Amino acid sequence: MTMLFSPYKLRNLTFKNRVVIAPMCTYSAEGGLASNWHLVHLGKFALGGAGAVMTEAAAVQERGKITHGDLGIWSGAHAAALKPTIEFIQSHGAKAGVQLAHAGRKASMQRPWFGNGPVGDADAARGDLPWRVVGPSAEALDDGWLTPAEMSEGDIFQLIKDFSAAARRCNDIGCDFIELHCAHGYLLQTFLSPLSNKRTDTWGGDLARRMAAPLAVAKSVRSTWPKEKPLFVRISSVDGVEGGWTLDESVAFASELKKIGVDIVDCSSMGNTSQGATAAPGKRGVGFQTPYSARIRVEADIPTMAVGLILTGEVAEQTLQEGRADLIAVGREALKDPFWAHHAAEELGVDTFDNWPEQYGWWLDKRRGAVKGIATDPELAALPKL
């Protein structure tokens, strides 16, 4: 038995394996409501063998959407629309999670295929009108971007309430776990980073005060979310920009999250610039973020999830064996291969077609002999002569 395909328990929840499908925005909701797109898009990863499947960022406030196409969880109607997707994921043996988010100053953006910048005139002509954005400080992401309104204390307290209300809705529809999005330049991460938090009150300044709002959200959500269910938090381990958030600060933040009762720190990086997390400069190799999850895991003494160019089952297994993480998040590689988990298991020599959906497995098992014959017999491997 490999570590990747061994069960993993958090609180009262046992994941059948350690493959988690990472949150990936698809910008395809209407009015924040999930649809058949989301059921098929997320459901295929459960068919593909992952131990857990997480939704893309779901906004806890309407103004917290990144784009007009983002999921929402700010009302009961939004939760109800998502429920069939959650139930389908669970019906095929995977645990279902929702990422709770607020885009902050990175709200009112274009869908990526329209430019991935701030909403402009061309978007308005399509009906995608801009809206008012907020942040810890009135600091625009970059030239040409909307300047956020600095949040008042009342705004911050309302945000805390809205995250907790969203967590209750997730529980109402049977979600197994939730994740708070404190990464990639979205609202909670902009409170953490000195690049974006210029406040001098309770909610900004030194590290403790910059952590105050995200920790208050995490504490409120943990008290709302059932104690038997895990709570994840995704962070940007570093800003990757001079004067920005550092790995030392991530260790300190993770230590505080552990005290609150957070179960997993999901270790990503960067994103607090207009280039975004996926387009930031610098070389990126296989598992390039695993040193972050390794250090946080050891120094904060909290389980971590590694993410970022973990392309194969062998790399995922090595990451676990070396103590770099406890769970493996797979994102765009799963878009390329929704059956990544099954194929990784085959690669590591632990899979049989019994683990596939029975509607597929019996067919694949039946043709196994023919495939083996082709692999070993040159005559069978060539097209027949005309």
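Reader: Is Val-286 buried or exposed?
Author: First, please note that this is a predicted model. Val-286 has a relative accessible area of 51%. The cut-off for exposed is over 50%, so Val-286 is exposed.

Reader: Where is Val-286 found?
Author: Val-286 is in the loop between strand E11 (264–268) and helix H8 (290–299).

Reader: Let us turn to strand E10. How many of its residues are buried?
Author: Six of the six residues of strand E10, which covers residues 231–236, are buried, so the strand is largely enclosed by the rest of the structure.

Reader: And which way do the residues of E10 point?
Author: Leu-231, Val-233 and Ile-235 point one way, while Phe-232, Arg-234 and Ser-236 point the other way. All of these residues are buried.

Reader: In what sense do E9 and E10 pair?
Author: Strand E9 (residues 177–182) pairs with E10 in the parallel sense, over five bridges. Within this pairing, Leu-180 stands opposite Val-233 in E10.

Reader: What about E10 and E11: over how many bridges do they pair?
Author: E10 and E11 pair over five bridges, in the parallel sense. Here Ile-235 stands opposite Cys-267 in E11.

Reader: A change of topic: where is Glu-249 placed?
Author: Glu-249 is in helix H7, which spans residues 247–260.

Reader: Why does Glu-249 count as buried?
Author: Glu-249 counts as buried because its relative accessibility is 13%, and buried means under 20%.

Reader: What joins the side chains of Glu-249 and Arg-210?
Author: The two side chains are joined by a polar contact of 3.0 Å. Leaving aside neighbours within four places in sequence, Glu-249 is in contact with Leu-207, Arg-210 and Gly-244.

Reader: Lastly, the backbone. What is the phi of Arg-11?
Author: Arg-11 has a positive phi of about 55°, although it is not a glycine. Arg-11 lies in the loop between strand E1 (8–10) and strand E2 (13–15), and counts as partly exposed at 31% relative accessibility.

Reader: And what is the phi of Asp-301?
Author: The phi of Asp-301 is near 55°, a positive value in a residue other than glycine. Asp-301 lies in the loop between H8 and strand E12 (304–307).

Key: Residues are numbered from 1 along each chain as its sequence is written. This is a predicted model: local features need pLDDT of at least 70, side-chain atom pairs count only at pLDDT 80 or more; totals for chains, interfaces and linings use all residues. Side-chain values use heavy atoms; hydrogens and water are left out. Helices (H or I, at least four residues) and strands (E, at least two) are DSSP runs, numbered from the N terminus. Buried means under 20% relative accessible area, exposed over 50%, partly exposed in between (1.4 Å probe, protein chains only). A polar contact is a pair of N or O atoms within 3.5 Å; within protein, one must be able to donate a hydrogen and the other to accept it, and residues adjacent in sequence count only if both atoms are side-chain atoms. Contact means heavy atoms within 4.5 Å. Two strands pair if DSSP finds at least two bridges between them.
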